[in-house]
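Hello,

Here is the structure for you to look over. My notes on its side-chain links follow below.

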Amino acid sequence: MSSAENPDRGFRKIRTSLGDKVVIGSSYVRLRSLTARICVALMVATYVAMPKLAIAGCGCDKPPPLPAAVIPRVAFPGMSVTFFDPSFVVGQQWDITFNSGPVSATVSAPVDMKRDITQTAGINQTLQLRVTVPDLPPGPGSIHLSSGTSSITIPAESFVVIGQPVEVSQENAEIQINKYTTAVGLDGTLYLAVGELNQVCDAMSFQAKLDGYPLRFSDGDVLIFNSQGYFIDSLTSVTHSHFSINPGDASTSNTLSYDRHSFAKYCADHQPGGPNEVDPSHPNWHLNGTPHVDYSIVIFAINGHFDNGSAQRPGAVSVHLDLRTSLGNGTEGWEGEQPEE
C-alpha cells in the first residue's frame, strides 16, 4: 500500500506540520504525541476520501502504527505497551508510574534495542521500553517515567486505560455483561475491546448494544484498532458491505452490527511451521522477518452523543453490554477471506 493510500501516513504529515504543544520530555516525543480528538477526526476524514480502503483486509500487510511516545495509546491492565525516547540507554532501568484517576501504580523495566514496529521493513532498531499495564481503574491516565535525573511525562490526553476485553468463542452466543466497565477518553471517545478472536477462524457476525447508555453514532464515528496499535478498519459510508448501525430506543444505544469475514487462511498461516509463524522472541514479527498483525484483540473507538446533544463524559463508564455472535453460513458475500491489503 502506498503512502497516498494509507490514512496513517497521510495523517503523519499533517500531524508533523501541526506540532504538539504538550511538553512530554523531548522534541522527539512531542513529535510522536497527539491528542486523540485530532487523530480520530483526521483519520476518519482521510479514510472516507479513499474508496480503495472500503474492504478491511485480514492479513499482516497493513500500514504500521504511527510513531508515538507510547504504543498503543489505549490499553487494559495486563496488556503490553511500549515507550520510545532517544534518551533511552540499553540496559538502563526505568520506573514507570501509571496514573488513572486517584490511583497510581509503578512498574520497572530495562531499556532494550529492538526492531521498530513503526517501520514496515523491520530493519531499523530503536531503543524501547516494554511493560505490562498494571491493575488500574479505567479512564484517561498520565504516565511518568523516571531514571536517575531523567524523566518523561505523557499526559492523559495521550493515554487511556480501558476495560478488559469481552471474550468470544467460535459459536453462536449471546453475551450479556451487567456493569461492564470501560472508559471514555478526554476527547469523548468510548473504547470497547473484544478478545479471544484468535480462536475464531470462521466468518462471524457481531451485534452489540449498550443498555442504559443511549449513545448515538453513525457513519464515520467508529474506528477499529488492534492491541499493537495497528489501524484495522473504519466504519464509513464506503464500508457498508460489512457493517450497519440501527437506532436504539430511549434507554439503549444504537446497535452496531459488524461482519468479520473468514480468517481460515490467516489462522493456518500462523500455526507452528506455517509461513507466518510468529517469532516468540519478537511477537510483532514473523520468523521470516515480516511484520505480524495480531487480530486476537480488537478495540472499537466510538465517538457519539446523547439525545440531548451532549458528548460523552471522560472517565470510567459502567454499562450493560449485550453482544451477540453468529457464525456465517457460507452464503453471504462478506464471509469470504479477503486478500491482504
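Is the disulfide of cysteine 201 and cysteine 267 left-handed or right-handed? The torsion about its S-S bond is about -100°, so the disulfide is left-handed. Bear in mind that this is a predicted model.

The disulfide
A search of the whole structure turns up one disulfide. Its S to S distance is 2.1 Å. Cysteine 201 sits in the loop between strand 13 and strand 14, and cysteine 267 in helix 4, so the bond ties together parts that are 66 residues apart in sequence. Cysteine 267 is buried, at 13% relative accessibility.

The salt bridges
The search finds five salt bridges. I describe some of them here.

Arginine 115 pairs with aspartate 279, with the closest N and O atoms 3.6 Å apart. Arginine 115 belongs to strand 6 and aspartate 279 to the loop between helix 4 and strand 19, so parts 164 residues apart in sequence are tied together. Arginine 115 is buried at 17%. Aspartate 279 is buried too, at 11%.

Aspartate 307 bridges to arginine 216, and here the closest N and O atoms are 2.8 Å apart. Both residues lie in loops: aspartate 307 between strand 19 and strand 20, arginine 216 between strand 14 and strand 15. Aspartate 307 is exposed, with a relative accessible area of 54%. Arginine 216 is buried at 11%.

Arginine 324 meets aspartate 322 at 3.6 Å, N to O. Aspartate 322 is buried at 5%, whereas arginine 324 is partly exposed at 37%. Shared partners join Glu174, Asp322 and Arg324 into one network of salt bridges.

Best wishes

Terms used:
Residues numbered from 1 in each chain as written. Predicted model: local features only at pLDDT ≥ 70, side-chain atom pairs only at ≥ 80, totals over all residues. Heavy atoms only, no water. Disulfide = S-S within 2.5 Å. Helix = DSSP H or I, 4+ residues; strand = E, 2+ residues; numbered from the N terminus. Buried < 20%, exposed > 50% of the residue type's maximum accessible area, 1.4 Å probe, protein only. Salt bridge = Lys/Arg side-chain N within 4 Å of Asp/Glu carboxyl O.
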